[in-house]
Amino acid sequence: MAFDLESLSEATSGAVGALLSTTILYPLDTCKTKYQAEARAQGQQKYRNLSDVLLEAISTRQVLSLYQGLGTKNLQSFIAQFVYFYGYSYFKRTYLEFSGSKFIGTKVNLIVAAAAGACTAIITQPLDTASSRMQTSAFGKSKGLWATLTEGTWSEAFDGLGISLLLTSNPAIQYTVFDQLKQRLLKEKLKNTQKGSSPQALSAFSAFVLGAISKSIATILTYPAIRCKVMIQAADSNDDGAKKDRRRSQKTISGIIYSIWRKEGVLGFFKGLHAQILKTVLSSALLLMIKEKITRTTWILILAVRRYLFLSRGRIKSA
């Protein structure tokens, strides 16, 4: 079986970038998720600002609980980014080979990115749900991955899958914008790139700026769906059995939309937008910056491994 080495290089570097950026920004991600998951009840809310979540962790001496679910999140991020980058790169290269085009258009890019995103969402949804439940559990009361996944039915592990599939438009928009801007910056270099040579890479600063711009645009356009997804996946660790069952029965897209509309109004769909932009822009920018900087190294390592395996195979045949 022949592997697409460039797609493998893209996937590996993207996954490593996701792992590092997720770990660095995880406390911010936990604060953001708990803030988004809270629904205003009778005009009252526990967290008025994103900083209130951090202050609660400090006041209750549960600062380390800001990292609850980090292992699950890292596992989900690594697998998700590997699958996404491999699928995106592979689908794009396949299209270019069959169409004979040198560059991929915006519309096709969106379709390719959405297809890669759909594959990613289906494969990683249980880990995504578990991670959200861990983060939104009361500080110090988060369960392990297996306990979290098995505390409900198997179908509940896929809570929010419908919205996750809808949200494939988010990375589709993000990476389309990023890729188009990147192509413009590297247009002259791409013309001089010979087949089989190392892919051209952006500078760290350029990758950071383009990553921030592309993610901001995607986040603003898809944020209402993002908040609905967090609320669907949120843990019910503080509820009694009857109340928990009632809340789970309401965890449908239509139920969550009605709940937000009734309790918080139109602006409720954008609660925590600033926190989402701050976290996702920093995370995406770091991911893409790290990915661009290690892509060349990853490419060289993959070629070295392939050469080693080829030489080893040759020695075995000649023996």
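In the predicted model, helix H2 (residues 26-37) packs against helix H5 (residues 106-136) at an angle of about 85°, and the axes of the two helices lie 9 Å apart. H2 is therefore roughly perpendicular to H5, since angles of 65 to 115 degrees fall in that class. On the H2 side, the contact is formed by Tyr26, Asp29, Thr30, Thr33, Lys34 and Ala37, which meet Ser131, Gln135 and Thr136 of H5. By residue class, this contact of H2 with H5 comprises five polar, two nonpolar and two charged residues.

The secondary structure of the protein chain consists of 13 helices and zero strands, so that the order of elements from the N terminus reads α-α-α-α-α-α-α-α-α-α-α-α-α. Of the 319 residues in the protein chain, 47% are buried. Among contacts with a separation of 6 or more, 82% join residues 24 or more positions apart. The protein chain exposes about 16700 Å², of which carbon and sulfur atoms supply 63%.

In soluble globular proteins, nonpolar side chains tend to be buried together. The largest nonpolar core in the model contains 19 residues, and the members that touch the most others are Tyr84, Phe85, Tyr88, Tyr175, Leu202, Leu287 and Leu288. At least two residues of this core come from each of helix H1 (5-24), helix H4 (70-99), H5, helix H8 (169-185), helix H10 (204-233) and helix H13 (273-318). The greatest contribution is that of H4, with four residues. Tyrosine 84, one of the core residues named above, is in contact with Ala113, Ala116, Gly117, Thr120, Pro171, Ala172 and Tyr175 when its neighbours within four places in sequence are left aside. Another core, of 12 residues, lies apart from the largest one and includes Leu167, Tyr223, Cys228 and Ile232.

Most residues other than glycine have a negative phi. Arginine 61, although not a glycine, has a positive phi of about 55°. The residue has a relative accessible area of 78% and is therefore classed as exposed, the cut-off for that class being over 50%.

Notes. Residues numbered from 1 in each chain as written. Predicted model: local features only at pLDDT ≥ 70, side-chain atom pairs only at ≥ 80, totals over all residues. Heavy atoms only, no water. Axes fitted to C-alpha atoms, helices over the stretch in contact; angles between N-to-C directions. Parallel < 35°, antiparallel > 145°, perpendicular 65-115°, else oblique. Contact = heavy atoms within 4.5 Å. Nonpolar A, V, L, I, M, F, W, Y, C, P; charged D, E, K, R; others polar. Buried < 20%, exposed > 50% of the residue type's maximum accessible area, 1.4 Å probe, protein only. Areas by Shrake-Rupley, 256 points an atom, 1.4 Å probe, with all protein chains shown as cover. Core = buried A, V, L, I, M, F, W, Y, C linked by side-chain atoms within 4.5 Å.
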